[in-house]
Amino acid sequence: MDIIPYYLTERDESTGELVITSPVGLPTPAEIRSRWTYGLSLANAAGVTMDDRDILGFLMTAVKETERRLGILLKSTIIACNPDDRGLIQGVDYELEEQPYDYDMQKWQSYGFIQLRQRYASQINAFRLVNYAGQLTVNFMDYPEWIKLNKKASHLQIVNRGGNGMTAGMGYGMGYNSTPFAAGLLSRTPQVFHIDYVAGLSPAQLTEDIRAVVAKMAAVDVLGVAGDSTLAGMAGYSLSIDGISESFQSTASAMYGTYSAHIVQLQSEVSAFFDPKIGGGRTKMRGFTMGGL
């Protein structure tokens, strides 16, 4: 699978203008202008319009913040285990680096799966059991029928059916949870499962409400900067002839700028999207997270 970027920047040969698109379906600078700041000037006091590359910077900040708060990557992302040891190049062979996963016999027998660190896993590219001496014990990719992937939850399970020189367990339940392939490992052995995979939302899974919250977060930054660069409006003006005095009251203040009302509205909508009290976006996409002491 080739790396798909969040955004592509190209120069239109006929007009010479910069064209920014998103192959993964994220909002673009053109959409910020036409939809989320519609009718508002994004020019400074000298009449210079904000560059699309500046808006793209705000969009990327919003994308990363949305990913952090949702706990989900907003595009299909190639993840590699220990890439430096294998001579892989970031941005060419992979995008995110991960450490190997630990083997915990108690957890494995209780749950029977490996919880991948990134949700919405769509593809397993490599899955190996490597002992502490660095020797390959089992390459699970040689037994694709064993691998079971719950894509939304990113649960990676192994159902050992035996054959091909591997000893089968005692069937389902305690049979496959007892993991005969892990014989000889300590009850808790760190960093033995080496997994490369692809995780994140596909363009079809990137819903309109997620696109909207990214755009709103970017628009807040865009309007904040644009508002600071324009001249403030007039709130009041008075003139006294006899005393020859003049006073002017500006709309500018620490709280109220040129686009403050619009910014406050957008911030309120973003907060509502993530609010767990009303079933926020993280709960919708990942489900409830429960813990106990």
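This is a predicted model: local features need pLDDT of at least 70, side-chain atom pairs count only at pLDDT 80 or more; totals for chains, interfaces and linings use all residues.
Let me start with helix H6, where Ser260, Ile263, Leu266, Val270, Phe273 and Phe274 are buried, and because these residues cover an arc of only 145 degrees around the axis, they sit on the same side of H6.

Staying with H6 for a moment, the helix has 15 residues and reaches 21 Å from its first C-alpha to its last, which is close to the 21 Å expected at 1.5 Å a residue. If you turn the model so that the buried side of H6 faces away from you, the face that remains carries the exposed residues Ala261 and Val264. What covers the buried residues of H6? The cover includes H2, H5 and helix H7, which spans residues 281-286.

Helix H1 can be described along similar lines. In H1, Pro29, Glu31, Ile32 and Trp36 are buried, and since they cover an arc of only 155 degrees around the axis, they too are placed on the same side of their helix, H1. The partners against which the buried residues of H1 pack are E2, H2, H5 and H6.

In general terms, nonpolar side chains in soluble globular proteins tend to be buried together.

Several of the residues I would like to show you next are aromatic. How many aromatic pairs does the structure hold? There are five. In one of them, Phe127 and Phe140 lie 4.5 Å apart, centre to centre, with 35 degrees between the planes, and the pair is described as tilted. This pair links distant parts of the chain, for Phe127 is in strand E7 (residues 121-130) while Phe140 is in the loop between strand E8 (136-139) and E9, 13 residues apart. Phe127 is buried, with a relative accessible area of 0%, and Phe140 is also buried, with a relative accessible area of 0%. Phe127 has a further partner in Phe193: their ring centres are 6.2 Å apart and their planes stand at 45 degrees, so this pair is tilted as well. Because Phe127 lies in strand E7 and Phe193 in strand E11, the pair ties together parts that are 66 residues apart in sequence. Phe193 counts as buried, at 0% relative accessibility. Taken together, ring pairs link Tyr103, Phe127, Phe140 and Phe193 into a cluster.

Strand E11, residues 188-199, also contains Thr189. Is Thr189 buried or exposed? Thr189 is buried, because its relative accessible area is 2%, which falls under the 20% cut-off. Leaving aside its neighbours within four places in sequence, Thr189 is in contact with Asp102, Tyr103 and Tyr132.

I will finish with the strand pairings. Strand E1 (residues 8-11) and strand E2 (residues 18-21) pair in the antiparallel sense over four bridges, with Arg11 standing opposite Leu18 in E2. The hairpin of E1 and E2 has six residues between the strands, and in it Gly16 takes a positive phi near 80 degrees.

Further along, strand E9 (residues 147-150) is joined to E10 by four bridges, and the two run antiparallel. E9 and E10 form a hairpin with four residues between them, where Ser154 in the turn has a positive phi of about 60 degrees. Strand E10 (residues 155-158) is also joined by two bridges to strand E6 (residues 114-115), again in an antiparallel arrangement. Which residue in E10 is the bridge partner of Asn150? The partner is His155, and His155 is likewise the bridge partner of Gln115.

Notes: Residues are numbered from 1 along each chain as its sequence is written. Side-chain values use heavy atoms; hydrogens and water are left out. Buried means under 20% relative accessible area, exposed over 50%, partly exposed in between (1.4 Å probe, protein chains only). Contact means heavy atoms within 4.5 Å. Two strands pair if DSSP finds at least two bridges between them. The expected span of a helix is 1.5 Å times one less than its number of residues. The arc is that of the directions from the helix axis to the C-beta atoms. Rings of Phe, Tyr and Trp (its six-membered ring) pair if their centres lie within 6.5 Å; planes under 30 degrees apart count as stacked, over 60 as edge-to-face and the rest as tilted.
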